Amino acid sequence: MTNEEIMQVVKPTICRQLKSPASAQFPVDCISIVGDEVGGYKIDGFVDSQNSYGAMIRNDFSAEVKIENGLPVVTTSSVAAKATAERAKDF
């Protein structure tokens, strides 16, 4: 299973959790995909999208994917502004 095939099922799942799904951008160099077809895959990364005010913000996302009948299926997913909260603590 290629990373592109995995992300084809992950992106729509993550986008459904955003305020502005059409504005979603997934920086390729900020995405980690670890695992295999037997044990499944763990995907972590960032997604940039517009908030309610139209400003672009960066959120963390994570997902787990397993392979069923040769096709990737998202089993869990979440989007959170965790990175923003952690950066705010640095101030």
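Student: What share of the contacts in the protein chain with a separation of 6 or more comes from residues 24 or more positions apart?

Tutor: The share is 41%. Keep in mind that this is a predicted model.

Student: What is the secondary structure of the protein chain?

Tutor: There are two helices and four strands. Along the sequence the pattern reads α-β-β-β-β-α.

Student: How much of the chain is buried?

Tutor: Buried residues are 31% of the 91 residues. The chain exposes about 5,800 Å². Carbon and sulfur atoms supply 52% of that area.

Student: Let us take helix 1. How do you know that its span agrees with its number of residues?

Tutor: Helix 1 covers residues 3–15, which is 13 residues.

Student: Where does helix 1 bend?

Tutor: The bend is at Val 9, by about 25 degrees. A proline, Pro 12, follows within four residues.

Student: Which residues of helix 1 are buried?

Tutor: They are Ile 6, Met 7, Val 10, Thr 13, Ile 14 and Cys 15.

Student: Why do residues three or four places apart in an α-helix point the same way?

Tutor: An α-helix has 3.6 residues a turn, so such residues point the same way.

Student: What covers the buried residues of helix 1?

Tutor: The cover includes strand 1 (31–36), strand 2 (40–50), strand 3 and strand 4 (71–80).

Student: Why is Ile 14 called buried?

Tutor: Ile 14 is in helix 1. Its relative accessible area is 0%. Buried means under 20%, so Ile 14 is buried.

Student: What is Ile 14 in contact with, leaving aside neighbours within four places in sequence?

Tutor: Its contacts are Phe 26, Val 47, Phe 61, Ser 62, Ser 77, Ser 78 and Val 79. Take Phe 61: Ile 14 and Phe 61 are 47 residues apart in sequence. In space they are 7.3 Å apart, C-alpha to C-alpha.

Student: Ser 62 is on that list. Why is Ser 62 called buried?

Tutor: Ser 62 is in strand 3 (residues 56–68). Its relative accessible area is 17%. The cut-off is under 20%, so Ser 62 counts as buried.

Student: Which residues does Ser 62 contact, beyond four places in sequence?

Tutor: Ser 62 is in contact with Ile 14, Lys 42, Ile 43, Asp 44, Thr 76, Ser 77 and Ser 78.

Student: What makes Ser 49 count as buried?

Tutor: Ser 49 is in strand 2. Its relative accessibility is 2%. That is under 20%, so Ser 49 is buried. Beyond four places in sequence, its contacts include Leu 18, Ser 20, Ser 23 and Ala 24.

Student: Where are Ser 20 and Ser 23?

Tutor: Ser 20 lies in the loop between helix 1 and strand 1. Ser 23 is in the loop between helix 1 and strand 1 as well.

Student: How do you know whether Ser 20 and Ser 23 are buried or exposed?

Tutor: Set each value against the cut-off of under 20%. Ser 20 has a relative accessible area of 17%, so Ser 20 is buried. Ser 23 is at 13%, so Ser 23 counts as buried.

Student: What do Ser 20 and Ser 23 touch, leaving aside residues up to four places away?

Tutor: Ser 20 touches Ser 49 and Gln 50. Ser 23 is in contact with Asp 48, Ser 49, Gln 50 and Met 56. Ser 20 and Ser 49 are 29 residues apart in sequence and 6.4 Å apart in space, C-alpha to C-alpha.

Student: Why is Asn 69 called exposed?

Tutor: Asn 69 is in the loop between strand 3 and strand 4. Its relative accessibility is 81%. Exposed means over 50%, so Asn 69 counts as exposed.

Student: What is phi of Asn 69?

Tutor: Phi is near 55 degrees, a positive value in a residue other than glycine. Most residues other than glycine have a negative phi.

Student: Which residues line the largest pocket?

Tutor: The lining is Asn 3, Glu 4, Met 7, Lys 11, Phe 26, Val 28, Ile 31 and Ile 33. Helix 1 and strand 1 are the elements that give two or more residues to that lining. Helix 1 gives the most, with four residues. The volume of the largest pocket is about 170 Å³.

Definitions and conventions:
Residues are numbered from 1 along each chain as its sequence is written. This is a predicted model: local features need pLDDT of at least 70, side-chain atom pairs count only at pLDDT 80 or more; totals for chains, interfaces and linings use all residues. Side-chain values use heavy atoms; hydrogens and water are left out. Buried means under 20% relative accessible area, exposed over 50%, partly exposed in between (1.4 Å probe, protein chains only). Contact means heavy atoms within 4.5 Å. Accessible areas come from the Shrake-Rupley method with a 1.4 Å probe; for residues, only the protein chains shown count as cover. The expected span of a helix is 1.5 Å times one less than its number of residues. The bend at a residue is the angle between axes fitted to the seven residues ending there and the seven starting there. On a 1 Å grid over the protein atoms alone, a cavity is a set of points where a 1.4 Å probe fits but cannot get out, and a pocket is an open set with protein on both sides within 12 Å along at least five of seven lines; lining residues have an atom within 4 Å of a point. Grid points are joined across faces, edges and corners, and a volume is the space filled by probe spheres set on the points.
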